[in-house]
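Q: I'd like to learn how to read a structure like this one. Could you walk me through it, starting with charged side chains?

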Amino acid sequence: MFSWIQTVDSVRRLREISRCAVQSGKTVHALIEVNLGGEGSKAGAVPGELRDIFEAAAGSEGVRLAGLMAIPPYCADPEESRPYFARLRELRDAVSREFPDAGIVELSMGMSNDFAQAIEEGATMVRVGTAIFGSREGRY
């Protein structure tokens, strides 16, 4: 049903996406979600798990890993998000060197309050729903 999934956080999830994509005859572009802040309330692979996921992707049909995604801990000052964005870029660059044929280019990072910093650190995708649609508070 989807052409992009930004929440691959394990080999198990990658394999499940691959199975579904093959059954539907599709190829899904996917990003590995990385939990850089170590927050228990957020999903995501830890940086040390990236190699295993990329190695598994090499043998998976129907999924093309295209990059990394992260949502850093919320900070009122958007500059406090910058080190997380820089770290994700560094991880993407390291993975690209290790798996040069994988074509890893995407960095999905930055939201309405810190997208400018994310772009300055190399974001290729940002999520700015609150800036467009307003706060979710009171909507449900």
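A: A salt bridge here is a side-chain nitrogen of Lys or Arg within 4 Å of a carboxyl oxygen of Asp or Glu. Side chains of opposite charge can pair when their charged atoms come close. Keep in mind that this is a predicted model. In it, Glu121 and Arg82 form a salt bridge through their side chains, at 3.0 Å from N to O. Glu121 sits in the loop between H4 and strand E5 (125-127) while Arg82 belongs to helix H3, so this pair ties together parts 39 residues apart in sequence.

Q: Which other residue meets Arg82 in a salt bridge, at 2.6 Å?
A: That's Glu120, whose side chain meets the one of Arg82. Here too, distant parts of the chain are linked: Arg82 is in helix H3 and Glu120 in helix H4 (residues 115-120), 38 residues apart.

Q: Are these residues buried or exposed?
A: Under 20% relative accessible area counts as buried, and over 50% as exposed. Arg82 has 18%, so Arg82 is buried. Glu121, at 12%, is buried as well, whereas Glu120 is exposed at 55%.

Q: Now the strands. How do I read those?
A: In a regular strand the side chains alternate between the two faces of the sheet. For pairing, look at who stands beside whom. Strand E2 (residues 28-33) pairs with E3 in the parallel sense over six bridges, and Ala30 stands opposite Leu65 in E3. E3 also pairs in the parallel sense with strand E4 (residues 106-111), over three bridges; there, Gly67 has Glu106 as its bridge partner.

Q: How covered is E3?
A: Mostly: six of the seven residues in E3 (residues 63-69) are buried.

Q: What do E2, H2 and E3 make together?
A: A right-handed β-α-β unit, with helix H2 spanning residues 50-58.

Q: Which residues touch the most other members of the largest nonpolar core?
A: Leu14, Ile32, Leu50, Phe54, Leu65 and Leu68, out of 29 residues. H2 gives the largest share of this core, five residues.

Q: One last stop: where is Asn35 found?
A: In the loop between E2 and H2. Asn35 is buried, with a relative accessible area of 10%. The Asn35 side chain reaches the backbone oxygen of Glu39 at 2.8 Å.

Notes
Residues are numbered from 1 along each chain as its sequence is written. This is a predicted model: local features need pLDDT of at least 70, side-chain atom pairs count only at pLDDT 80 or more; totals for chains, interfaces and linings use all residues. Side-chain values use heavy atoms; hydrogens and water are left out. Buried means under 20% relative accessible area, exposed over 50%, partly exposed in between (1.4 Å probe, protein chains only). Helices (H or I, at least four residues) and strands (E, at least two) are DSSP runs, numbered from the N terminus. Two strands pair if DSSP finds at least two bridges between them. A crossover is right-handed if, with the strands pointing away from the viewer, the path from the first strand over the helix to the second runs clockwise. A polar contact is a pair of N or O atoms within 3.5 Å; within protein, one must be able to donate a hydrogen and the other to accept it, and residues adjacent in sequence count only if both atoms are side-chain atoms. A nonpolar core is a set of buried Ala, Val, Leu, Ile, Met, Phe, Trp, Tyr and Cys residues joined through side-chain atoms within 4.5 Å.
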